[in-house]
Amino acid sequence: MVSHLSAIVFPAIIIYSVVPGSSLFSWHPTLMSIAFSLLTLEGIIIFSQNSSLFPNMSRASKASIHYLVMGSAVTCALVGFYVIYLNKENAGKSHLTSWHGLLGAITVGYACLQSTGGSLAKYYNYTKRFLKLKLADLKLYHATSAVLLYILITVTMLLSLQTSWALNSIPNLLWYACFACICTSTLVVLLHITSTYLPSKQQAKP
């Protein structure tokens with residue numbers, strides 16, 4: 001259950017520190033933390049035998065929930081990205097001037113591509129005529145790509161803790177709790193993908 005606690009505690013601390021609605025900017029960390037800490041993590045580990053909240057649910061049902069949760073995560077991320085864009089426009093500031101901003105934009109874009117890949121797999125009966133891939137291979141590429149996506153998410157969230165807002169607004173103990181939550185979530189996700197999905201696909205090949 002540690003993974004679920006990490007998924008909840010990080011956005012809870014961010015929401016406590018930023019107070020959503022107190023400013024336009026406040027919605028950026030709020031939406032991004034919900035998108036990438038809570039929804040993305042839960043959307044991935046729903047397939048885990050050890051960490052899923054629905055261990056006895058059929059894989060088809062889990063896949064449908066995964067699709068909805070990840071779609072919600074991408075939507076939150078896009079709105080959060082638009083919020084920070086609009087906030088900087090209103091303040092007359094330049095865009096993508098920090099590593100956090102640059103990697104954040106790359107992460108949001110990659111999340112959209114990852115979501116597209118998931119849609120191709122979910123609706124494979126309709127998309128297979130346009131694809132030259134087997135469904136098993138498409139799922140393998142989707143899972144492998146998820147590793148890269150979560151590494152980008154991890155680096156971006158760690159960099160977010162180095163922004164002036166985080167350093168000035170998040171109390172010291174809570175700052176370290178955020179750091180621990182990010183590391184814990186990343187460990188859970190990467191272990192789940194690499195140990196339960198990728199090896200089984202590789203072993204299935206002759």
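User: Where does V19 sit?

Analyst: V19 is in the loop between α1 and α2. Keep in mind that this is a predicted model.

User: OK, and what's its phi? I mean V19.

Analyst: Phi of V19 is positive, about 55°, although V19 is not a glycine. That stands out because most residues other than glycine have a negative phi.

User: How accessible is V19?

Analyst: V19 has 46% relative accessibility, so it counts as partly exposed.

User: What about L96, where is that and what's its phi?

Analyst: L96 lies in the loop between α3 and α4. Its phi is positive too, near 55°, and L96 is a residue other than glycine. With a relative accessible area of 44%, L96 is partly exposed.

User: Switching to H4. Buried or exposed?

Analyst: H4 is buried, since its relative accessibility is 5% and the cut-off for buried is under 20%. H4 belongs to helix α1.

User: Which residues does H4 touch?

Analyst: Leaving out residues up to four places away in sequence, H4 touches E42, I45, S51, S52 and L53.

User: Now the second largest pocket. How much space is in there?

Analyst: About 780 Å³. The second largest pocket is lined by 33 residues, and the closest to its centre are H28, I84, H100, G101 and T163.

User: Which elements give two or more residues to that lining?

Analyst: Those are α1 (2-18), α2 (27-45), α3 (59-91), α4 (99-122), α6 (135-160) and α7 (164-169). Helix α4 gives the most, with six residues.

User: And what's the lining like by class?

Analyst: The lining of the second largest pocket has 18 nonpolar, 13 polar and two charged residues.

User: Let's do rings. How many aromatic pairs does the structure hold?

Analyst: Four. One of them is W175 with Y176, an edge-to-face pair at 5.1 Å centre to centre with 80° between the planes. W175 and Y176 also form one aromatic cluster with F179.

User: Are W175 and Y176 buried or exposed?

Analyst: One of each. W175 counts as buried because its relative accessibility is 15%, whereas Y176 is exposed, with a relative accessible area of 55%.

User: Last one: which rings does K122 lie over?

Analyst: K122 lies over the face of Y67, at 5.3 Å from the ring centre. K122 also lies over the face of Y123, where the distance to the ring centre is 5.7 Å.

Definitions and conventions. Residues numbered from 1 in each chain as written. Predicted model: local features only at pLDDT ≥ 70, side-chain atom pairs only at ≥ 80, totals over all residues. Heavy atoms only, no water. 1 Å grid on protein atoms, 1.4 Å probe; cavity = no way out; pocket = protein on both sides within 12 Å on 5 of 7 lines; lining within 4 Å. Points joined across faces, edges and corners; volume = space filled by probe spheres on them. Helix = DSSP H or I, 4+ residues; strand = E, 2+ residues; numbered from the N terminus. Nonpolar A, V, L, I, M, F, W, Y, C, P; charged D, E, K, R; others polar. Phe/Tyr/Trp six-rings, centres within 6.5 Å; stacked < 30°, edge-to-face > 60°. Buried < 20%, exposed > 50% of the residue type's maximum accessible area, 1.4 Å probe, protein only. Lys NZ or Arg CZ within 6 Å of the ring centre and 35° of its normal. Contact = heavy atoms within 4.5 Å.
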